[in-house]
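Work through the exercises below with the model open. Try each task before reading its solution.

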Amino acid sequence: MQHDYKTLYQQLILFTCTLLLSVISHALSPELLKQLKKENIVDTTLTLSDNQIAKLKSQNEQLYQEKKIDLKILMIPSTNDLSIEQYTNKVFNTLKIGNQKLDNGLLLVVAKNDHKMRFEVGYGLEGDFPDIQAGRMIRNTLAPNFKNNDYYQGFYQVQQSLLKLDILFSNTLDKQKNILTAFNFYVQLFLSILLCIPLYWLYTRATVNWGTSAGFGIFTACLVFEIFIHIFIFSYLQTPKIAFFICSLIPLYAPLLILIFLPKNQNHKLLKSVLYSLPLQIFSIFGLGIFYFVDFFPKAALVLLQCLAIIFILIFLRYLQFLYRFHHHTENAYLTSFYNQYLKEKERQQAIDEEFKRTNVANHSNDSSSSSSSSSSNSSSNSSSSSSSSDDRDSGGSSGGGGASGSW
């Protein structure tokens, strides 16, 4: 009898240990991992209905077909003795989620009783789905739905958000290549700005001296030559499409270069650089619009077009502010200062022109007087020589009526 109790006690201890081990290793059991690898959506808490799981699987398949994201969702009661980070990392690396080339794995583990969740992101997805965005998705999408016990809606919205991402799946070599490409583009952009220095120097000088109409005409003429140079150089360095795209950016340099080339004695330089560069933005809008609608670099063209639109809106708002202040007589001081400066510059230019004319007249007078002096000296020498010789001759001669006259 005592032997039976001992045997029963041993069996009870063995059963307890087995049960404990099975609970601890439940989440990482080979059967569970095999099921997760096959079905992608696994709920061991029986929270989701079969219909909900089927919908999530269908959308998960759509996510893989459209974005190539290998998403797996695992919902368990608890991670037990493991932290959520350790558990998720272990599941991810055990299953080796994602394609080896793309490294496109994404694992979402939810420990329902622990009220914890975690995204584990494959290396190829880190650039497109960074930790900040994953944390934001947990705080703004999953947590609010889970608090309302609406787990299905939380998973569904996560899949919808992932479908809206722009995914590149760049591995290490691709990322290095993209960085190098971006670096080359910025170098070429800097080269383009250097090539445009003569264009904007001429435009600024012509605008300051002869007005915006003359400057705009010179800019239009020089722009044709600049585009030819850009296409010749950048088509050799890159594809013709990128060369034309860089050409469309030429008018965008206007505010900076005009501000640099405006004379130092100019007042309101910032305002003038904006005003002088405004007509040139028409070329940018036209060129970038072509790249956007023809679907060449549409994202870059769209961003630049949006920036231009914001600039024009700000200028328009400043114009409305000017009209309001002018109507309420609060802009008069600024206008008076600006107009007085304009009059001073105009008077200064007139003074320079008058001084130039006086200098030319004085130079002409000096040339005339010097030639007259030489003539008089010659005639004086002739008369002195004749008088000196007349002393040696007999007097009593008469005029024959011949001679020459002159004036000065």
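**Exercise 1: a helix pair**

Helix 2 and helix 4 are roughly perpendicular to each other. Show this from the geometry of the predicted model, then list the residues of helix 2 and helix 4 that meet.

*Solution.* 
- Step 1. Take the axes. Helix 2 (residues 30–39) packs on helix 4 (residues 84–95) at an angle of about 70 degrees. The axes are 11 Å apart.
- Step 2. Apply the cut-off. Angles of 65 to 115 degrees count as roughly perpendicular, and therefore helix 2 and helix 4 fall in that class.
- Step 3. The crossing of helix 2 and helix 4 is right-handed.
- Step 4. Name the residues. Helix 2 contributes L32, L33, L36 and K37. Helix 4 contributes Y87, V91, T94 and L95.

**Exercise 2: the surroundings of V109**

Decide whether V109 is buried or exposed, and find its contacts beyond the local sequence.

*Solution.* 
- Step 1. Locate V109. It sits in strand 3, which spans residues 105–111.
- Step 2. Check accessibility. The relative accessibility of V109 is 0%, so V109 counts as buried.
- Step 3. Set aside neighbours within four places in sequence. V109 then contacts L74, I76, I84, Y87, T88, K116, M117 and R118.
- Step 4. Pick out L74. V109 and L74 are 35 residues apart in sequence. Their C-alpha atoms are 4.8 Å apart.

**Exercise 3: the faces of helix 11**

Determine how the buried residues of helix 11 are arranged around its axis.

*Solution.* 
- Step 1. Recall the helical repeat. With 3.6 residues a turn, residues three or four places apart in an α-helix point the same way.
- Step 2. List the buried residues. In helix 11 (residues 254–261) these are A254, L257 and I258.
- Step 3. Look down the axis. The buried residues of helix 11 fall within an arc of 100 degrees, so they line one face.
- Step 4. Turn to the other side of helix 11. There L256 and I260 are exposed.

**Exercise 4: rings around F219**

The structure holds six aromatic pairs. Classify the pair of Y200 and F219, then the pair of Y203 and F219.

*Solution.* 
- Step 1. Take Y200 and F219. Their ring centres are 5.7 Å apart and the planes lie at 50 degrees, so the pair is tilted.
- Step 2. Y200 is in helix 8 (residues 197–210) and F219 in helix 9 (residues 212–237), 19 residues apart. Both Y200 and F219 are buried.
- Step 3. Take Y203 and F219. The centres are 5.6 Å apart, with 65 degrees between the planes. This pair is edge-to-face.
- Step 4. Y203 in helix 8 and F219 in helix 9 are 16 residues apart. Y203 is buried too.

Note on methods
Residues numbered from 1 in each chain as written. Predicted model: local features only at pLDDT ≥ 70, side-chain atom pairs only at ≥ 80, totals over all residues. Heavy atoms only, no water. Helix = DSSP H or I, 4+ residues; strand = E, 2+ residues; numbered from the N terminus. Buried < 20%, exposed > 50% of the residue type's maximum accessible area, 1.4 Å probe, protein only. Contact = heavy atoms within 4.5 Å. Arc of directions from axis to C-beta. Phe/Tyr/Trp six-rings, centres within 6.5 Å; stacked < 30°, edge-to-face > 60°. Axes fitted to C-alpha atoms, helices over the stretch in contact; angles between N-to-C directions. Parallel < 35°, antiparallel > 145°, perpendicular 65-115°, else oblique. Left-handed = near helix turned anticlockwise from the far one by under 90°.
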